Protein chains: 2
Amino acid sequence: MNLHLFGVEGIPEIRPGDDLGALVAGCAAPLCSGDIIVVAQKVVSKAEGRLRALSAVTVGRPARRLARRLHADPRMVQVILDESVRIVRDCHVLIVETRHGFVCANAGVDRSNVPGDDLVSLLPIDCDASADVLRSRIAQVSGMTVGVIVSDTWGRPWRLGITNFALGVSGMPALLDYRGRTDDFGMQLNASLLATADELAAAAELVMGKTGRVPAVVIRGFDIFGDQTGRGSDLIRPRELDLFR
Amino acid sequence: MNLHLFGVEGIPEIRPGDDLGALVAGCAAPLCSGDIIVVAQKVVSKAEGRLRALSAVTVGRPARRLARRLHADPRMVQVILDESVRIVRDCHVLIVETRHGFVCANAGVDRSNVPGDDLVSLLPIDCDASADVLRSRIAQVSGMTVGVIVSDTWGRPWRLGITNFALGVSGMPALLDYRGRTDDFGMQLNASLLATADELAAAAELVMGKTGRVPAVVIRGFDIFGDQTGRGSDLIRPRELDLFR
């Protein structure tokens, strides 16, 4: 199997209400059926208006206390708490569980690549729904059947550095299940549930970079379509199977 | 930037002492300077003879006790403990810190894709040194300057499914540091230390699959060479910065 990845260039600065799917489809043309399009959460959040002005945040006592201990902006901490259902760790950084069930630093609230000093971006309310909207719009504009991943960049325990993860998935599997298949010597593969959408998101980050204004990447040649579909939420480890929260 | 990934096909079953670098270089030909070659840990371990026969393992009392509680093969548990410096979790699965400092399930000890019922594979003793040996041999045979990653497939806290990680790195950076650079609006990027080698390993897994006998993948077009070099060990989060062990 050969894989080809290329960045979607020429997408303008995105504002709330912009038709992101049409912009991606236009700038990525020509697309092929079977292409997977990885879109950075930041532009999805901007198009959906998932932004908050720090100047309009009313800081409560828990946020103020936490901010003092973490040497952080209390308004930022308040926004993070508003996006969270639970704090997993609050030593040095805030690792939280978001309303979606994601466990990540700062609930995905971010000041980078947002215009001005006052606005911060939030994760989409429903990342799978965001991926659905993008996929159907891209399909409509391009005439092609594609898969869509909405990705964000997170840290990991035990490992230094951040990598991309798949938050929303549409029109393609999120996990590939090799369990029950056999290896090259006929032995059952037991632990082989592959987090394919996370790997595709990580691959796309290599092309996106962080400063190059490439908020979408096309991955061509990854043949995983057919009957299998999945959701970004499939990638969240159920709490009862999680040894680290 | 465009990225192209292709699987290295035709590599025979690897036995201890095989000249893996020459085999990879031969089957991947023609290589280009700047190519990154991701090689699965399993074939590296086989070439290095990092295998143990379960029938020859003497099981001690701690391994026996642990195996009873985990419903696991006591000989397998003994091998895992022999490869570990510390148990991080021992509920359902054994999450350990290996002698290298990696935190992963079962210390990377694995029965899949190993011939027979008795042998298990261990991680290389020094994954960066393994990558060095491969890189210089591939350079020698092909005449090209390449980067090499030795990768393995691990689970993650909070996320379902396994993905590839970079254990050994040679001739290229492991992390790309965007800290101090500015985003598209001139704002400092603070958290942007990218785990590039882990993302390259994850991308390669998409082409390797688990059952297709493609133990090496060439990644072409990722221009990260020059002065920057790194090691797989750079990707290990120092214990004092780790909130989850």
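**Contact between chains A and B**

I looked up the contact first: chain B gives 58 residues and chain A gives 58 residues. Contact here needs C-beta atoms, placed from the backbone, within 7 Å. I note that this is a predicted model, in which local features need pLDDT of at least 70, side-chain atom pairs count only at pLDDT 80 or more, and totals for chains, interfaces and linings use all residues. Residues are numbered from 1 along each chain as its sequence is written, while chains are lettered from A and ligands numbered from 1 in the order in which they are written.

Next I listed the elements of chain B that give two or more residues to the side touching chain A: β1 (2-7), β9 (163-170), β11 (193-194) and α6 (196-208). Elements are DSSP runs numbered from the N terminus, helices being H or I of at least four residues and strands E of at least two. α6(B) gives the largest share of that side, nine residues.

I then sorted the residues of this side of chain B by class: 31 are nonpolar, 11 polar and 16 charged. Nonpolar means Ala, Val, Leu, Ile, Met, Phe, Trp, Tyr, Cys and Pro; charged means Asp, Glu, Lys and Arg; the others, Gly among them, are polar.

**Strands across the two chains**

I checked β1 (residues 2-7) of chain A against β1(B): the two pair in the antiparallel sense over five bridges. Strands pair if DSSP finds at least two bridges between them. I traced A:Leu3 to its bridge partner in β1(B), B:Leu5.

**Helices α1 and α5 of chain A**

I looked at α1 (residues 20-28) and α5 (residues 127-142) of chain A, whose axes come within 8 Å and cross at roughly 50°. Axes are lines fitted to C-alpha atoms, for helices over the stretch in contact, and angles run from 0 to 180 degrees between N-to-C directions. I therefore record α1(A) and α5(A) as oblique to each other. Oblique is what remains after under 35 degrees (roughly parallel), over 145 (roughly antiparallel) and 65 to 115 (roughly perpendicular).

I picked out the residues in contact, including A:Leu20 and A:Val24 of α1(A) and A:Leu134 and A:Ile138 of α5(A). The classes here are eight nonpolar, three polar and one charged.

**A sheet in chain B**

I found an open sheet of three strands in chain B, ordered β4-β5-β6, with antiparallel pairing. β4 (84-89) and β6 (103-105) are at the edges with a single partner strand each, so one side of each has no neighbour in the sheet. The twist from one strand to the next averages 35°.

I followed β5 (residues 95-98) of chain B to β6(B): three bridges join them. B:Glu97 is opposite B:Val103 in β6(B).

Notes
Contact = placed C-beta atoms within 7 Å.
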